[in-house]
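Reader: Hi, I've got a structure open and some quick questions. Can we go through it together?
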Amino acid sequence: LGRTGYTRILKTIRETALFLSDRISKMGPFELVSDGSQVPAFAFKLKNFPAEAAFALSERLREHGWQVPAYTMPPDAQTVSVLRIVVREGLSRDMADHFLADLHRALGSWEGKPSAHHGRRSTRFYH
């Protein structure tokens, strides 16, 4: 692919990360922690929800085939949980749109309740 090809790939995945973070930031309950402008990855959190809600949402998205891990922050901020998205080559704009639709559906089906598993962190990610 050469330098030009890899530059094009990295530019595309960065644009996709910025597209997703922008759309997510405009969805009501989310606040960006980072936006994907430096690397094609970003984190966001749920506003006005307990820390466990991020884990419940991660679980809902996994039911749709998306891996959006949730993490608690380090000591002195462990009451805050974030969700992380890493954009890789192959995540097209169409797939990003599908993800956003699934995220919207997961929020819509939530009806103010994070999950039947509220408080239980059954899905752990170590990467």
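Reader: How many salt bridges does a search of the whole structure find?
Author: The search finds 3 salt bridges. Keep in mind that this is a predicted model.

Reader: OK, which residue forms a salt bridge with K11?
Author: That is E15. The closest N and O atoms of the pair are 3.1 Å apart.

Reader: How far apart are E15 and K11 in helix α1?
Author: They are 4 residues apart, so about one helical turn separates them.

Reader: And is K11 buried or exposed?
Author: K11 has 53% relative accessibility, so it counts as exposed. The cut-off for exposed is over 50%. E15 is at 36%, so it counts as partly exposed.

Reader: Which side chain meets D22 in a salt bridge?
Author: K26 does, at 3.2 Å from N to O. D22 is partly exposed, with a relative accessible area of 31%. K26 counts as exposed, at 61% relative accessibility.

Reader: What about R105, which side chain does it meet?
Author: R105 meets D102 in a salt bridge, 2.4 Å from N to O. Both sit in helix α3, which covers residues 93-110. They are 3 residues apart there, so about one helical turn lies between them.

Reader: Is D102 buried or exposed?
Author: D102 counts as buried, because its relative accessibility is 10% and the cut-off for buried is under 20%. R105 is partly exposed, with a relative accessible area of 48%.

Reader: Back to α1. Which residues are buried there?
Author: Among them are G5, I9, I13 and T16. A17, F19, L20, S21 and I24 are buried in α1 too.

Reader: What should the span of α1 be?
Author: Helix α1 has 24 residues, 2-25, so at 1.5 Å a residue it should span 34 Å. Its end C-alpha atoms are 35 Å apart, which agrees.

Reader: How many residues line the pocket, and which lie nearest its centre?
Author: The lining has 16 residues. W66, Q67, I85, V86 and L91 lie nearest the centre.

Reader: Last one. How many of the lining residues are nonpolar, polar or charged?
Author: The lining of the largest pocket has 10 nonpolar residues, 3 polar ones and 3 charged ones.

Note on methods: Residues are numbered from 1 along each chain as its sequence is written. This is a predicted model: local features need pLDDT of at least 70, side-chain atom pairs count only at pLDDT 80 or more; totals for chains, interfaces and linings use all residues. Side-chain values use heavy atoms; hydrogens and water are left out. Helices (H or I, at least four residues) and strands (E, at least two) are DSSP runs, numbered from the N terminus. The expected span of a helix is 1.5 Å times one less than its number of residues. Buried means under 20% relative accessible area, exposed over 50%, partly exposed in between (1.4 Å probe, protein chains only). A salt bridge is a side-chain nitrogen of Lys or Arg within 4 Å of a carboxyl oxygen of Asp or Glu. On a 1 Å grid over the protein atoms alone, a cavity is a set of points where a 1.4 Å probe fits but cannot get out, and a pocket is an open set with protein on both sides within 12 Å along at least five of seven lines; lining residues have an atom within 4 Å of a point. Ala, Val, Leu, Ile, Met, Phe, Trp, Tyr, Cys and Pro count as nonpolar, Asp, Glu, Lys and Arg as charged, and the others, Gly among them, as polar.
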